[in-house]
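Reader: I am new to this structure. Please take one part of it and go through that part closely.

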Amino acid sequence: MNALALYCKSYSTDLRRIMRLTQSVQENNIEKLPFYVSVPGCDLGLFQHHLHGFPVQLLADEDIIRNNPSISLNAYKALPGHISQQIVKSEFWRLCDTQAYLCLDSDSVFIRPFGQHDYVSAEGIPYTVINEAQDLQHEALRRQKMSVLDNFAREAQLLQTTFQRAGKAYSFGPMPMVWHRAVWESLSKELLEPQGINFLDAILQAPLESRWYGEALLKFKAVPLLPCEPFFKVYHYAWQLDQDQKQGITKQQLARLYSGVIYQSAWERELDWPAEGGNTMSRFGRRIRRALGRI
């Protein structure tokens, strides 16, 4: 079994973003690590058509869910997308033929050549993104967005209480993150199954898949903790990108620190498939807010 694969969960709305990501994988994946993309079964034909010839293996989300018989497919399909996608991402290990996978979002782009050594050790142990999110929280303080700090503390406390862990409040992101099958398996066998619940139930209790993984790693120690900073430069807001561009920071410079960049889809709506959502006025208003640095 190989040590690492690349994986992204997507939807038809993100087709153009996936095409951009796939192109960047094709250009930079020097070790030809397997790259999987899963989408709802109804979108599979669309992705197969537009990604034909690219080095990507397409899967139906439903096939991932079926690998855990304790999860009802009907219950899964009844969930809103922002919840159900966390379940698919976190259950991929059951279908994946590698020990670990780099879990990507559709709005990710690789900006330099990468290989397995960027994300796992020579022994196949994943590097785990873990920090206290002080950069994001400091920026929130500067912009007087106190809800960001409140939400971070609330979410951290919820999972720390579940795992009975005292101490610092950690962030286990941002995306992408390397997830090891042994950690997901330990969460299932050591915590969920004894309570008679599955990961769908867990996500409904706390829709924070990265925290479920991170706290399970700290609690059950299925693999050693090799801490690292984020793999990708994440632009949470458009004004952060504008600020870097005004300061002359280029992708080539970022590539010295990061293997990729994430541009949030919320302010890249022109990439929506088949067309940007919203009516004329909402699209115009979004462009105005974007120009003023409010997105």
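Which residue stands opposite V261 in β10?

Author: K233 stands opposite V261. The model is predicted, with local features needing pLDDT of at least 70 and side-chain atom pairs counting only at pLDDT 80 or more, while totals for chains, interfaces and linings use all residues. Residues are numbered from 1 along each chain as its sequence is written, and side-chain values use heavy atoms, leaving out hydrogens and water.

V261 lies in strand β10, residues 260–263. Strands here are DSSP runs of E with at least two residues, helices are runs of H or I with at least four, and both are numbered from the N terminus. β10 pairs with β9 in the parallel sense, over four bridges; two strands pair if DSSP finds at least two bridges between them.

Both strands belong to an open sheet of three, ordered β5-β10-β9, with mixed pairing. Its edge strands, β5 (108–110) and β9 (232–235), each pair on one side only. From one strand to the next, the twist averages 20°.

Helices pack on this sheet. Helix α1 (residues 15–28) touches β5 and β10, and its direction makes about 20° with that of β5. Helix α11 (residues 238–246) touches β9 and β10, with a direction about 115° from that of β9. Contact means heavy atoms within 4.5 Å. Angles run from 0 to 180 degrees between N-to-C directions, and axes are lines fitted to C-alpha atoms, for helices over the stretch in contact.
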